Amino acid sequence: QLTPSSFLRIGQLSNVDLNEDTHELETEVPRQRPNEIPHNEKLLSLKYESLDYDNSENQLFLEEERRINHAAFRTVEIKRWVICAMIGILTGLVACFIDIVVENLAGLKYRVVKDNIDKFTAKGGLSFSLLLWATLNASVVMVGSLIVAFIEPVAAGSGIPQIKCYLNGVKIPHVVRLKTLVIKVCGVILSVVGGLAVGKEGPMIHSGSVIAAGISQGRSTSLKRDFKIFEYFRRDTEKRDFVSAGAAAGVSAAFGAPVGGVLFSLEEGASFWNQFLTWRIFFASMISTFTLNSVLSVYHGNAWDLSSPGLINFGRFDSEKMGYTIQEIPIFIFMGVVGGILGALFNALNYWLTMFRIRYIHRPCLQVVEAMLVAAVTATVGFVMIYCSRDCQPIQGSSVAYPLQLFCADGEYNSMATAFFNTPEKSVVNLFHDPPGSYNPMTLGMFTLMYFFLACWTYGLTVSAGVFIPSLLIGAAWGRLFGISLSYLTKGSIWADPGKYALMGAAAQLGGIVRMTLSLTVIMMEATGNVTYGFPIMLVLMTAKIVGDYFVEGLYDMHIQLQSVPFLHWEAPVTSHSLTAREVMSTPVTCLRRIERVGTVVDILSDTSSNHNGFPVVESNPDTTQAGWVAGLRGLILRSQLIVLLKHKVFVERANLSLVQRRLKLKDFRDAYPRFPPIQSIHVSQDERECMIDLSEFMNPSPYTVPQEASLPRVFKLFRALGLRHLVVVDNRNEVVGMVTRKDLARYRLGKEGLEELSLAQT
């Protein structure tokens, strides 16, 4: 039987020793060589917390909601629309800034190198040109990598896996800070100008999300400024909805695809969704595309012609010249299969590379050196391939920005140089639209091969960079090659236009790497401005996803898994009906009484061995049926709420002596959000430890509970659909027997042999 005193026992965190029988985790690293970090992907990290997507309906919350009348609710609704418009405008402006700066810096670099090459081609000594190119690239990338590695490591990569996790409900540290945005934008500019095999499109999604999180809170913690606006939105529920709008605005600024942005947010991101949210997110995306379009049109000097909706513009595909016929459908499906296999190969290579990086290249200085190495190698490969290529094309009638003559006759240019001597976005458009015969098949084959390995090596470096454009470029190159070989086989028949196959190849390659279906189809349709290709693109992407999933999972999911994030998928694992809440939950639970000693609360919060964030509040009632006491569940209180109570010293004794100036309001909790002070920073004197604290008006009196017999899929559905952080497990007498948190559910995963259980580690 439970006695009232046994509730104060603090439950040790039992999750870690669930599998004592399996091998000990490799935590005992030999001391003498700390240059290798053991990493096991069958782990879930305990350093990630969940977001509180579910509102705590305590008395303060209910009082405030009752005070707000209909007109005030309307102003809140208007504020939401205003915030969405601001998110759109700012995301569009950031995209413009990145685009304009990259264009000018890259143009400058290519002009310098081109003049140098032209000079040295005449009089010999081209190795100097190579040195100049490699040094320029490496030094630019060095700066870009230094700021990421030493100032804000979260800004590395495209940021899409991090935003996916955030929208899934996982709190990734520093992911939506202003500092991250600044480093991200500078890092993207530097890595694209540095000639790495990267795109500037993926990071736009992260930038949009940071902008959204910043604006909706009406203050910046990095700048220590509080603008005293939008205070109603200072909670995880609202913030996360705005972040999904920011991600959508980022997609639509990058590709000029507002509908694709909304669908991206829906497919990759938010766990919780409703109609109003969709409409607001669409509004933010449209505004973002429009802003980018008008600013870039003014910049390019034709103010009234809105012709550049996104950072990448695939150009218009005319249906007359480039329609497709029924007999091409099997060809497209075959391209989808090829894309799926190549994408799976890309992901598998990148997986091993990332494991190697986690183990050996974990020091910031090593990461910077690796980034510089990749930059120099990229320049060298490009130079050697341009040098060895004998593929000359006439300059007349071609739209090449920096035509390199090298060893070609006068009036001709080297066609390999158009692929390497350009930003990746321009190369993609060239591959789509250059007239048939602009490229030698040999050139395309070599380019695809080299660029595939370069892009694979580059993704996961410590620079801010996306993987969208390199994938499109690889796919467009082999797609065009495919189209050329088809027209050879069919003796140059009219339907085998290489540009059309370049588009399908690009879709297949990108689908095979990132495995997005719905949103990617719409993004490709909007970016090409052609609905006729919707059906073949959809077929290609579906095939690529099915084939790729057979071998290895998508790139973003793989990186989420490698970082050991407790990510919840849409459904529980299919074979998990045999598990019940009793087997999944964590026990024993640390409970608090409704009126609790301050000392007890402080001790529970300071206990580092059990870093719990939610505590059931119980009250002991005499049980009539059996002799004894029953501790019925009365509510749930969060660590953050307890810390605010201790900080404001809301004790029963002080209230009786009327020392408390005023009752705590919800505003006090909002002002402390999102960075609640740690318990160590709160001073509680010895006398105060003896006081009592009354939790009844601050706890959530109606937390979600499940009976301990509930099956895992049922628990999972409730947890995931409502975006919970804590789910209390009770028995038939309403006594608390356990707690289900995100880690307990994310632990079960479908492996090759069926259901596997991951172990939990503190790292």
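**Exercise 1. Which residue of β15 does L727 stand opposite?**

Solution. L727 faces V740 in β15. Helices (H or I, at least four residues) and strands (E, at least two) are DSSP runs, numbered from the N terminus. This is a predicted model, where local features need pLDDT of at least 70, side-chain atom pairs count only at pLDDT 80 or more, and totals for chains, interfaces and linings use all residues. Residues are numbered from 1 along each chain as its sequence is written, and side-chain values use heavy atoms, with hydrogens and water left out.

**Exercise 2. Find how β14 and β15 run, and how many bridges join them.**

Solution. Step one: strands pair if DSSP finds at least two bridges between them. Step two: β14 and β15 (residues 736-740) run antiparallel, joined by four bridges. V729 has G738 as its bridge partner in β15. Step three: look at the hairpin. Five residues lie between the two strands, and N734 takes a positive phi near 60°.

**Exercise 3. Find the sense in which β13 and β14 pair.**

Solution. Step one: β13 (residues 705-707) and β14 pair in the parallel sense, over three bridges. Step two: T705 stands opposite V728 in β14.

**Exercise 4. Give the strand order of the sheet, and its edges.**

Solution. Step one: the order is β13-β14-β15, in an open sheet of three strands with mixed pairing. Step two: β13 and β15 each have a single partner strand, so they stand at the edges, and one side of each is left without a neighbour in the sheet.

**Exercise 5. Which way do the residues of β14 point?**

Solution. β14 spans residues 727-730. L727 and V729 point one way, V728 and V730 the other. All four are buried (under 20% relative accessible area, 1.4 Å probe, protein chains only).

How values were computed:
Buried < 20%, exposed > 50% of the residue type's maximum accessible area, 1.4 Å probe, protein only.
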